[in-house]
Amino acid sequence: MDSETSQKLQAIDFTNINLANRELVKSQVYEALVEYGCFEATFDKIPLELRKAMFGAIQELFDLPLEIKTLDACKMKHQGYVGQSPEIPLFESLGIDYANTFERVETITNTWWPQGNPSFSKTINSFTVKLAELDEMIRKMVLESLGVEKYIEEHMNSTDYLLRVMKYKSPQTNDKKLGLVTHTDQALVTILYQNQVGGLEVMTKDEKWISYQPSSPHSFLVIVGDSFKAWSNGRLHSPFHRVMISGNETRYSLGLFTLPKKGCIVNAPDELVDEEHPLLFKPYDFVEFLNYRYSEKGLRDPFSLRTYCGV
Ligand SMILES: O=C(O)CCC(=O)C(=O)O
Ligand SMILES: [Fe+2]
């Protein structure tokens with residue numbers, strides 16, 4: 001399970017989608033998500049100043065004292081502060097729930113900075129709103145490719161966004177150290193963005209690690225999570241990934257997670273279930289799934305989706 005490949009992840013260009021090229025991009029997206037469960041998206045709708053401000057904001061947040069960062073600020077279950085863990089000592093992460101809603105970001109900001117921090121809230125929210133456009137575009141393309149476009153509206157209306165920001169301390173050595181353990185995401189879609197420090201690795205279906213280095217500052221990594229795999233009745237792949245860190249520079253990254261709304265049941269549409277494609281996962285409540293995933297047993301189970309609701 002540990003061999004590497006020099007293969008690179010496919011890059012798909014979203015800089016100028018129009019009627020003439022959309023079908024081609026759509027087929028690239030679908031094929032990449034079926035085969036690899038991920039691809040690099042080139043997306044230039046977020047201005048350079050905003051991307052810079054975003055890493056400034058992330059750093060400012062992690063620079064807060066530990067007793068502030070560990071405040072119970074994030075209202076989504078299981079999405080609060082992670083850090084100081086002996087297994088992954090370099091890693092720290094904080095969740096900002098409903099980050100596409102300005103009022104919510106303002107509230108969470110005021111928990112961390114009781115005197116307020118308007119530039120922080122504005123940066124987080126503007127960045128999220130723009131990046132969410134990429135998520136919507138991708139989900140629409142996937143549903144069209146699956147021939148279930150009639151569910152697009154329902155799909156878009158039954159999700160919330162969680163922004164997680166991540167910090168990986170530099171290990172001060174050129175040996176690779178574990179930054180984040182091998183896992184799949186439970187979301188529908190994750191879009192990752194990072195500073196110039198590499199380290200993310202994605203596993204292929206034949207269990208080889210591809211190490212990911214963004215091709216440009218406009219590069220985002222799109223990853224399918226378990227819930228999109230379940231919703232597509234197994235057509236999309238949700239890949240294992242991990243972070244391995246080396247060198248002397250701090251790595252900052254962020255993930256925009258598209259999550260089923262509280263109370264929404266993840267259930268593959270009837271059109272995707274037939275004799276040739278029997279139902280692979282029983283319908284489930286997303287938060288219940290997370291309860292399993294973060295239970296003592298679930299934390300040691302790399303195949304939590306299959307264990308939790310596999311048919
Ligand atoms: O830091 C990264 O690039 C990856 C983070 C990740 O995989 C996660 O938060 O689920
Ligand atoms: Fe992940």
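Which residues is Val-222 in contact with, leaving aside its neighbours within four places in sequence? I looked that up before anything else. The list is Cys-38, Phe-39, Ala-41, Ile-138, Val-189 and Ile-191. Contact here asks for C-beta atoms, placed from the backbone, within 7 Å.

**Ground rules.** I'm working on a predicted model, where local features need pLDDT of at least 70 and side-chain atom pairs count only at pLDDT 80 or more, while totals for chains, interfaces and linings use all residues. Residues are numbered from 1 along each chain as its sequence is written, and chains are lettered from A and ligands numbered from 1 in the order in which they are written.

**Core.** I went back to Val-222 and asked about the nonpolar core. Together with Leu-163, Val-222 has the most contacts inside the largest nonpolar core, which has 70 residues. Such a core is a set of buried Ala, Val, Leu, Ile, Met, Phe, Trp, Tyr and Cys residues joined through C-beta atoms within 7 Å. Buried, in turn, needs 20 or more other C-beta atoms within 10 Å of the residue's own; exposed is 12 or fewer, and partly exposed is in between, with C-beta atoms placed from the backbone. Helix α5 (residues 118-145) gives the largest share of this core, 8 residues. Helices (H or I, at least four residues) and strands (E, at least two) are DSSP runs, numbered from the N terminus.

**Phe-120.** I then picked a residue in helix α5, Phe-120. Phe-120 has 21 other C-beta atoms within 10 Å, so it is buried. Not counting residues up to four places away in sequence, Phe-120 touches Ala-57, Glu-60 and Thr-109. Arg-164 is 44 residues from Phe-120 in sequence and 15 Å away in space, C-alpha to C-alpha.

The arc is taken from the directions from the helix axis to the C-beta atoms.

**Ligand 1.** Next I listed what surrounds ligand 1: Arg-164, Met-166, Leu-180, Asp-185, Leu-192, Gln-194, Leu-200, His-241, Val-243, Ser-253 and Gly-255. To count as near, a residue's C-beta atom, placed from the backbone, must lie within 6 Å of the molecule. Elements giving two or more residues to this shell are β5 (159-168), β7 (189-194), β11 (241-247) and β12 (251-260). By class, the shell has 5 nonpolar, 4 polar and 2 charged residues. Ala, Val, Leu, Ile, Met, Phe, Trp, Tyr, Cys and Pro count as nonpolar, Asp, Glu, Lys and Arg as charged, and the others, Gly among them, as polar.

**Loops.** Where does Thr-250 lie? I found Thr-250 in the loop between β11 and β12. Thr-250 has 15 C-beta neighbours inside 10 Å, so it counts as partly exposed. Beyond four places in sequence, Thr-250 is in contact with Lys-167, Tyr-168, Lys-169 and Ser-170.

I also noted two residues other than glycine with positive phi. Glu-207 has a phi of about 65° and lies in the loop between β8 (200-203) and β9 (208-211). For Asn-233, phi is near 50°, and its loop runs between α7 and β11. Buried or exposed, I asked of Glu-207? Glu-207 is exposed, with 11 C-beta neighbours inside 10 Å, whereas Asn-233 is buried, with 21.

**Helix α8.** Last, I looked at α8 (residues 286-293), whose buried residues are Phe-286, Phe-289 and Arg-293. Their arc around the axis is only 60°, so they fall on the same side of α8. Among the elements that cover them are α7 (226-231), β12 and α10 (304-309).

Note on methods. Contact = placed C-beta atoms within 7 Å.
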